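Here are a few friendly notes to read alongside the model. Keep the 3D view open and find each residue as you go.

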Amino acid sequence: MSRGLTFLLGRLRPPMREQARRKLAALRATAGRHGGGARRARGQSEAEELLAFQLRAAGLGGFVRQYRFCPGRLWRADFAWTGAARLLVEVQGGVYARGRHTRGAGYEADRLRQNEAVLLGWRVLEFTPRHVQSGRAVRDIRRALGA
């Protein structure tokens, strides 16, 4: 079990902890039936799936996945809390592998996209997979939502 999940499970009340462990076991069983990896929607990383699980377990649901936040553009945020919260969350992959988000053109495109989100009145939080695994992402999202 990853450090992030171990940390999260340790913070849950005993009845909820056991329920989360059962759900995790079911997810692992499903992953085994699908060639070693759980099926994910196109474009969603393992870190995003882990964060979604962590958020639900921490009672921070109400988010929309792959939310198109800018009319007329195809830009999507990994997670969005609409309404009064107006919070977008991005999990940036490939940070240490010179992925798209750290190379010149990709980095510039991400900055334009983030700037547009801010100009449209959104608050934006960005995390790496390590932030998700450590539990840091959930803590910061909780603070941003005032939960």
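1. Helices (H or I, at least four residues) and strands (E, at least two) are DSSP runs, numbered from the N terminus.

2. A word on the source: this is a predicted model, in which local features need pLDDT of at least 70, side-chain atom pairs count only at pLDDT 80 or more, and totals for chains, interfaces and linings use all residues. Residues are numbered from 1 along each chain as its sequence is written, and side-chain values use heavy atoms, with hydrogens and water left out.

3. Now look at α6 itself, residues 136-145. Its buried residues (under 20% relative accessible area, 1.4 Å probe, protein chains only) are Ala137, Val138, Asp140 and Ile141. They lie on the same side of α6 because they cover an arc of only 165° around the axis, taken from the directions from the helix axis to the C-beta atoms. An α-helix has 3.6 residues a turn, so residues three or four places apart point the same way.

4. What do these buried residues pack against? Their partners are α3 (46-57), β2 (77-81), β3 (87-91), β4 (123-127) and α5 (129-134), where contact means heavy atoms within 4.5 Å.

5. Strand β4 holds Phe127, which counts as buried because its relative accessibility is 4%. Leaving aside residues up to four places away in sequence, Phe127 touches Val89, Glu90, Val91, Gln92, Arg136, Ala137, Asp140 and Ile141. Between Phe127 and Gly93 there are 8.8 Å in space, C-alpha to C-alpha, although they are 34 residues apart in sequence.

6. Finally, try to find the lining of the largest cavity: Phe69, Ala77, Leu88, Glu90, Arg113, Gln114, Ala117 and Val124. A cavity here is a set of points on a 1 Å grid over the protein atoms alone where a 1.4 Å probe fits but cannot get out, and lining residues have an atom within 4 Å of a point. Helix α4 (104-119) gives the most to this lining, with 3 residues.

Note on methods
Buried means under 20% relative accessible area, exposed over 50%, partly exposed in between (1.4 Å probe, protein chains only). On a 1 Å grid over the protein atoms alone, a cavity is a set of points where a 1.4 Å probe fits but cannot get out, and a pocket is an open set with protein on both sides within 12 Å along at least five of seven lines; lining residues have an atom within 4 Å of a point.
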